[in-house]
Amino acid sequence: MNKKKIVIHGCTGLKNSGDEAILQTIAEQLGEEYEITAISKDADYSRKMHPGIRVIPDEKKICRDAIDQCQLFVLGGGGLLQDETTIFNVAVWLRYLRYARRRGKKICIYANSIGPVHSRWNRALIRKHLQGVDLITLRDENSAKLLEEIGIGGKEKVYVTADPVFSMSWEREDRGQPGQRAGRGEEYVCMALRHWFDMVPFIPARICSKYDIRKPGDRRRYQAYVQAMAECTEYINRELGCGVHFLSFYYGRDEKVARDVMARVKPVKGIKNKLTAGEYLTPGEVMNEIAGARFLVGMRLHSIIYAIKAGVPSVIIDYSSKVGGMARLNGLSAYSVRISELSADKLKEKIGLLLQDEAVLRKQLAGQQHMMEQREKENKRLVDKLQEDCGPQ
């Protein structure tokens, strides 16, 4: 039987653990029934990370040829259609979708977060190009509300499901039970920070990163952010007797933040902090690091998803609507701090509350993981239903 062909346009190849986990999970779910082609920003990297998937470089002619031959074009998953980091994001992520529409292909927006979208021009682009899309699945209610504001959600089929990573398969390592390890310094806490305060709306993010371009106010905010995280690390080291394992989700960017924080931390005898960063760290390897932690201090969305999946409580740094939405959906808002209100004292307060509730939280998270996995399975069910109407082209 000839498999129907799907082209996926997402964030693979950017060396971000969460984005690679999304593609890995989609391939696990759809790969047996569909022939998958993934568009990558770094095709060689993606082929090494996903050896079972056909990967093509993000080059116009190659991608258009693949779309010409497919039955379904998929945009996602992830937080693609937003202009919080740069005003150019929306147009960039819609370019192949526009071509797929012109070619009459079935189109699915797969497990996306939408927004924030501040620009009226970008809202108009989303309204124009998502009208008439065959299927839209979203990771959160906030995205559904935003699409409704923009004018999407009448005849378009819009469903709120969950992030694909809630269904990702992984082999759990036995690292012992948190709270039962012997000796001070044996336990650890994971911290998954991300670059922030380094975006200028009218300059592409890669240029800001390469040349360290920041607005003067953002330089001050970044320094305050780093200082707060350093003081939080010292508190974990000194008061809890735990080392901190800094996790780099976005290779080449997150570790810079971690190093800036670690440089300010005053050492505590017998306690060791470390940075876990590797270009080819698999999602499963990062998952196991979090699974062995007493708790997570998480800013990266997928660090929080990994922690929920592993049943590990989280103190959340809420920098975006997608993070706040994830916290609310999983009963973690009480342990969250808004980035605009971030301070060492607030983090210590939330850590204290989390430790007080730790046993109850672990039981709660087991139920949440099951619920979120069931919601996530709707993504594949809806794609299968859509594909029933896709004849050979």
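1. Which backbone nitrogen lies 2.7 Å from a polar atom of the side chain of Asp140? In this predicted model, the nitrogen belongs to Ser143. Asp140 itself is found in the loop that runs between strand S6 (135–138) and helix H6 (141–150).

2. The side chain of Asp140 also has a polar contact of 3.1 Å with the side chain of Ser113. Leaving aside residues up to four places away in sequence, Asp140 touches Ser113 and Val160.

3. Is Asp140 buried or exposed? Asp140 is buried, and it has no salt bridge. Arg139 carries the nearest side chain of opposite charge, 5.1 Å away; a salt bridge would need a side-chain nitrogen of Lys or Arg within 4 Å of a carboxyl oxygen.

4. Now the sheet. Seven strands make up an open sheet with parallel pairing, in the order S3-S2-S1-S4-S5-S6-S7. Strand S3 (54–57) and strand S7 (158–160) are the edge strands, and each pairs on one side only. From one strand to the next, the twist averages 20°.

5. Strand S1 (residues 4–9) and strand S2 (residues 34–40) run parallel and are joined by six bridges. Within this pair, Val7 stands opposite Thr37 in S2.

6. Which helices pack on the sheet? One is helix H1 (residues 17–30), which touches S1, S2, strand S4 (72–81) and strand S5 (106–114). The direction of H1 makes about 165° with that of S2. Another is helix H4 (residues 89–102), which touches S1, S2, S4 and S5. The direction of H4 makes about 170° with that of S4.

Conventions. Residues numbered from 1 in each chain as written. Predicted model: local features only at pLDDT ≥ 70, side-chain atom pairs only at ≥ 80, totals over all residues. Heavy atoms only, no water. Helix = DSSP H or I, 4+ residues; strand = E, 2+ residues; numbered from the N terminus. Buried < 20%, exposed > 50% of the residue type's maximum accessible area, 1.4 Å probe, protein only. Lys, Arg positive; Asp, Glu negative; His and termini not counted. Polar contact = N/O pair within 3.5 Å; in protein donor to acceptor, adjacent residues only side chain to side chain. Contact = heavy atoms within 4.5 Å. Pairing = 2+ DSSP bridges. Axes fitted to C-alpha atoms, helices over the stretch in contact; angles between N-to-C directions.
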